[in-house]
Amino acid sequence: MLSQRVKVIIRCNKCNEKFILRGRKERGRVDTGFRMCICSNADDLMIEEENL
């Protein structure tokens with residue numbers, strides 16, 4: 001199965017920082033390499049994805 005490129009918008013619900021990344025979607029999971037916000041938040045995030 002080929003991977004699909006997607007645009008991912010991640011917004012931190014603690015500090016309201018916004019990150020726009022490109023990632024690959026394989027088997028229903030998106031990998032961007034994003035680990036945590038600059039405020040050290042790794043759990044309270046809003047994630048949206050769009051096909052490229």
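User: Which residue in strand 2 does Ile10 stand opposite?

Analyst: As a general idea, side chains in a regular strand alternate between the two faces of the sheet. In this predicted model, Ile10 stands opposite Phe19 in strand 2.

User: How many residues lie between strand 1 and strand 2, and which residue in the turn has a positive phi?

Analyst: To read a hairpin, one looks at the two strands and then at the turn. Here strand 1 and strand 2 form a hairpin with 5 residues between them, and Asn16 in the turn has a positive phi of about 70°.

User: What joins strand 2 to strand 3?

Analyst: These two strands run antiparallel and are joined by 3 bridges, with Lys25 standing opposite Val30 in strand 3. They too form a hairpin, with 2 residues between them, and Arg27 in the turn has a positive phi of about 55°.

User: How many aromatic pairs does a search of the whole structure find?

Analyst: The search finds 1 aromatic pair. The ring centres of Phe19 and Phe34 lie 5.1 Å apart with their planes at 55°, so the pair is tilted, given that only planes over 60 degrees apart would count as edge-to-face. The pair links distant parts of the chain, since Phe19 sits in strand 2 (residues 18-26) and Phe34 in the loop between strand 3 (29-31) and strand 4 (45-51), 15 residues apart. Phe19 is also the residue opposite Ile10.

User: What pattern does the chain follow when read along the sequence?

Analyst: The pattern is β-β-β-β, with 4 strands and 0 helices in the chain. The C-alpha trace spans about 35 × 15 × 15 Å along its principal axes. Among contacts between residues at least 6 apart in sequence, 48% join residues at least 24 apart.

User: What share of the residues counts as buried, and how much of the accessible surface belongs to carbon and sulfur atoms?

Analyst: Of the 52 residues, 21% count as buried, where the cut-off is under 20% relative accessible area. The accessible surface of the chain comes to about 4200 Å², and 43% of that belongs to carbon and sulfur atoms.

User: How many positive and negative side chains does the chain have, and how far apart are the centres of the two sets?

Analyst: The chain has 11 positive and 8 negative side chains, and the centres of these two sets lie 5 Å apart.

Technical notes: Residues are numbered from 1 along each chain as its sequence is written. This is a predicted model: local features need pLDDT of at least 70, side-chain atom pairs count only at pLDDT 80 or more; totals for chains, interfaces and linings use all residues. Side-chain values use heavy atoms; hydrogens and water are left out. Buried means under 20% relative accessible area, exposed over 50%, partly exposed in between (1.4 Å probe, protein chains only). Contact means heavy atoms within 4.5 Å. Accessible areas come from the Shrake-Rupley method with a 1.4 Å probe; for residues, only the protein chains shown count as cover. Lys and Arg count as positive and Asp and Glu as negative; His and the chain ends are not counted. The place of a charge is taken as NZ of Lys, CZ of Arg, CG of Asp or CD of Glu. Rings of Phe, Tyr and Trp (its six-membered ring) pair if their centres lie within 6.5 Å; planes under 30 degrees apart count as stacked, over 60 as edge-to-face and the rest as tilted. Two strands pair if DSSP finds at least two bridges between them.
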